[in-house]
Amino acid sequence: MNQLDALKQHTTVVADTGDFLQIAQYQPRDATTNPSLILKSVLKPAYAPLLDAVLAQHRGRPLDEIVDRLLVRFGTEILRVVPGRVSTEVDARLSFDTAATIARARRLIALYEAEGVPRERVLIKIAATWEGIRAAEALEREGIHTNLTLLFAFCQAVACADAGVRLISPFVGRIYDWHKARAGAQWDEAAMAGPNDPGVQSVTRIWHHYKRFGIPTEVMGASFRNVGQIRALAGCDLLTISPELLAQLATTEGDVPRRLDPAEAARAELPAVHYRAGEEAAFRFALNEDAMATEKLAEGIRLFCADARRLDALIASRH
């Protein structure tokens, strides 16, 4: 058995790509996209006809609407390949605007439903800011399910659980990047691998907390730098993996034993923690206390915004 098939025995595998022509060979259940992945895909010659078709069909419409229609077109094509769900991201420039995030999410869902895609097959990705979490809370009450992304801190995960979010995406690789850069020459790659990887430890802590307290929010580890991080999180609810790392797992023989054990989580002595809607100050203080999370959240939003602007410029130049 190859390691991808072995991993699927414990964990739902999700493809982290906008390249739907590449997905089918790995047979993931779900797929995730983000502005950077969509931009990367739309620049490939294979997807030029798709972009041209969207532009031709909606010429004259506002730029933000055309972008959303392009995202939905990619998502609809992905759903022809995967049997489960696709995650489509709200513009990261709305990360601190609850009302605008809700409005954009509603539009994305309406566009999907107009294409015959039921809302149950779509997760709206939103940055896990305080404002984003509040938007997700309102959307979940409407039956619009959310995937809270750019999640680096335990307090973000707790607040998402309290808000009734369907799924969170803690970023393993970017946590690893921060700690490695911080350590500099003192970083010992071998000693910090596997269960000692700070990104792996962050997801493990969140997963244990959720299982210990019976929280239904799904945990999907994301942003992997190597297959060792993936193997160390076998047993996590879901893992979203790039095509490059999916290929490594698919071409490597061997078992992938379960690392995250629900029985172990159930026995864990953990304190109950909450960051509910009325506890904004406590949430912001907890996030501020985590230097890594504060820096990586801000950086992540900036990077997604930069790629959103590049996608806008590409569309505007051809519109």
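1. Contact here means heavy atoms within 4.5 Å. Axes are lines fitted to C-alpha atoms, for helices over the stretch in contact, and angles run from 0 to 180 degrees between N-to-C directions. Helices (H or I, at least four residues) and strands (E, at least two) are DSSP runs, numbered from the N terminus.

2. This is a predicted model, in which local features need pLDDT of at least 70 and side-chain atom pairs count only at pLDDT 80 or more, while totals for chains, interfaces and linings use all residues. Residues are numbered from 1 along each chain as its sequence is written, and side-chain values use heavy atoms, with hydrogens and water left out.

3. The order E1-E2-E3-E4-E5-E6-E7-E8 describes eight strands that close into a barrel with parallel pairing; two strands pair if DSSP finds at least two bridges between them. On average, neighbouring strands of this sheet are turned by 30° against each other, direction ignored.

4. Strands E2 (residues 30-32) and E3 (residues 86-89) run parallel and are joined by two bridges. Thr32 has Ser87 of E3 as its bridge partner. Helix H5 (residues 63-79) packs on the sheet and touches both E2 and E3, its direction making about 170° with that of E3.

5. Helix H7 (residues 130-141) lies across E4 (122-127) and E5 (146-151), and runs at about 170° to E5.

6. Helices H14 (residues 280-289) and H15 (residues 291-318) pack at about 100°, their axes 5 Å apart. H14 is therefore roughly perpendicular to H15 (65 to 115 degrees). Leu287, Asn288 and Glu289 of H14 meet Ala291, Ala293, Thr294 and Leu297 of H15 in this contact.

Key
Angles under 35 degrees count as roughly parallel, over 145 as roughly antiparallel, 65 to 115 as roughly perpendicular and the rest as oblique.
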